[in-house]
Amino acid sequence: ALLSGQEPDGVRVYAVPERVPFAEAVAGERLARIAGDHRRLLAFFGDTSESDPEGFVESWLDEHTFRAAERWVGDLRLVLYGTSPPPLAEEPSKKEAVLLGYSVELTGADLALQRLEPGDVVPLTLFWEARQPVQQDAKVFVHLLDAGGQLVAQHDSEPVNGRRPTSTWKPGESIVDRHGVLLPGDLPPGEYQLVVGLYDPVTGNRLLVTAGTSAPPGDSWPVGTVQVP
């Protein structure tokens, strides 16, 4: 994969891994340094069957950064990630007990940055737990709403960017799920609210909030606010 990081003095391009054969420990250290130096990363994924046969680079990025957008350009897949200041959250800073449907509990969230510029990526970590086996796969939605409740940005994906579908969750297991929301470049200044929830990708129906310590009735839960100066 090729990674590029945007900084005031221009774009820097990195090749990961730098050489074959692949060494996960070396690649992990290099990726950590790159992520620590940039607020946004754009990854170019081509044929990695020889250079990274296990897909370590993409897996590392999904676990340690915040995927915000993806598209294909010819034979290349472009994926945009946001980063956050260390340390990376492994436990929720905002603890809750929000039950969606009758099986999935959102135990909390961490919003690493709450003041961002247009074009930045909102770094959000969600913490899930299954109370009982989940029979169906559900998608996570993260929506950014303006003061009037209108949708201005979003990120939808299966948990852990498709690596941990809800049907694979074991009761009591904690799932750490990172999402990035790309702010539009022309987003007006103001305060915006982040809401999250789950929905059936086949029907589009959302799972209702059936219990929660502070969650209002409905089909989503407010996780925090983002300030755009």
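This is a predicted model: local features need pLDDT of at least 70, side-chain atom pairs count only at pLDDT 80 or more; totals for chains, interfaces and linings use all residues.

Analyst: Residues are numbered from 1 along each chain as its sequence is written, and side-chain values use heavy atoms, with hydrogens and water left out.

User: What is the mean pLDDT of the protein, and where is confidence lowest and highest?

Analyst: On the pLDDT scale, which gives the predictor's confidence in each residue from 0 to 100, the protein has a mean of 90, and 92% of its residues reach 70 or more. Confidence is lowest in strand β1 (residues 2-7), at a mean of 60, and highest in strand β9 (residues 139-145), at 98.

User: How many helices and strands does the protein have, and how are they defined?

Analyst: There are two helices and 14 strands, where helices (H or I, at least four residues) and strands (E, at least two) are DSSP runs numbered from the N terminus.

User: Why does the radius of gyration agree with a compact globule?

Analyst: The radius is taken over C-alpha atoms, and the globule rule is 2.2 Å times the number of residues to the power 0.38. For 229 residues a compact globule would have a radius near 17 Å, and the protein has 18 Å, which agrees.

User: Why is Val 195 called buried?

Analyst: Buried means under 20% relative accessible area, exposed over 50%, and partly exposed in between, with a 1.4 Å probe and protein chains only. Val 195 has a relative accessible area of 8%, and is therefore buried. This residue lies in strand β12 (residues 190-199). With contact meaning heavy atoms within 4.5 Å, and leaving aside neighbours within four places in sequence, the contacts of Val 195 include Phe 141, Val 142, Trp 221 and Pro 222.

User: What makes helix α2 mostly covered?

Analyst: In helix α2 (residues 56-64), seven of the nine residues are buried, among them Phe 56, Trp 60 and Leu 61.

User: What is the phi of Val 160, and why does Val 160 count as buried?

Analyst: Most residues other than glycine have a negative phi. Val 160 has a positive phi of about 55 degrees although it is not a glycine, and at 11% relative accessibility it counts as buried. Asn 161 also has a positive phi of about 55 degrees, and at 17% relative accessibility Asn 161 counts as buried.

User: Which residues does a cis peptide bond join?

Analyst: Pro 86 and Pro 87 are joined by a cis peptide bond, with omega about 0 degrees, and Pro 87 sits in the loop between β5 (76-82) and β6 (94-100).
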